[in-house]
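Please look over the model shown here.

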Amino acid sequence: MILDEEGLSLARSVVLAASAAGRTLATAESLTGGLLGAMVTSVPGASLIYRGGVITYATDVKGTLGGVPAEVLDLHGAVAAPTAEELAKGAARQCDADVGIALTGVAGPAVQEGQTPGTVWLGWAVKEGRSGAVLLHLSGSRAGIRAAAARCALELALTLVQGEIPLHEPGADVVLDPAEAGVADDTFEVGVADDPSEGGTADDRCRGAAPNVAIDDSVEVAKE
């Protein structure tokens, strides 16, 4: 899979913003399997702000390595808001980072725990004690879903390292649907569902994370 220029540009923004703010970042990844960490560490100077990450692919490892309490996994499963939130908190705690970001979801093609491919929870936590999760609805191939999830995570990370708290609390929907955009499979137009509880539209959530970016299955990682 190519780390496309759009994603790399976003990763550079995260590193620069975190450096300027003196904040550090840690990640926990399931469906992306280290892709998010690879995007961050492709940027020269990432070592100044990136503390580390964990890959918690199996459900039980989300508990033993990711720090998700057993009762959360038993009650909610691997693909759920509380699980994503606990993964983000665990990543920040284990890596002693200011910001934790976590991804857990279904890349496909099979359904998992009754969740359809493209269902992804993006968890976040900050050292000040706030945490939450955002629901992503992604569409496309397995590779496209994983890449789009990583880019949305970078967009959220950028907000958090700048000291801002996400507008939406758990349950907010981020919709990436190539069919609605009228473009080819694996090419994403980013939009955001309105959150009725907020009484308005937040159409900048994750905007720019993956607009009109074609994904393929080769591997290309920039070296520091």
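Predicted model: local features only at pLDDT ≥ 70, side-chain atom pairs only at ≥ 80, totals over all residues.

Residues are numbered from 1 along each chain as its sequence is written, and side-chain values use heavy atoms, without hydrogens or water.

**Helix α1.** Helices (H or I, at least four residues) and strands (E, at least two) are DSSP runs, numbered from the N terminus. The buried residues of α1 include Leu8, Leu10 and Val14; buried means under 20% relative accessible area (1.4 Å probe, protein chains only). The buried residues of α1 pack against β1 (25–29), α2 and α6, where contact means heavy atoms within 4.5 Å. Just after α1, glycine 22 has a positive phi of about 70 degrees.

**Cores.** A nonpolar core is a set of buried Ala, Val, Leu, Ile, Met, Phe, Trp, Tyr and Cys residues joined through side-chain atoms within 4.5 Å.

| Core | Size | Members include |
|---|---|---|
| Largest | 39 residues | Leu25, Val40, Ile101 |
| Second, separate | 13 residues | Ala28, Ala88, Cys95 |

Leucine 122 touches residues including Ala84, Ile101 and Leu156.

**Aspartate 98.** Aspartate 98 lies in the loop between α5 (81–95) and β3 (99–105). Aspartate 98 counts as buried because its relative accessibility is 11%. Its side chain reaches the backbone nitrogen of threonine 24 at 2.8 Å. Among the residues that aspartate 98 touches are Gly22, Arg23 and Lys127.

Conventions
Buried < 20%, exposed > 50% of the residue type's maximum accessible area, 1.4 Å probe, protein only. Polar contact = N/O pair within 3.5 Å; in protein donor to acceptor, adjacent residues only side chain to side chain. Lists of a residue's contacts leave out its neighbours within four places in sequence.
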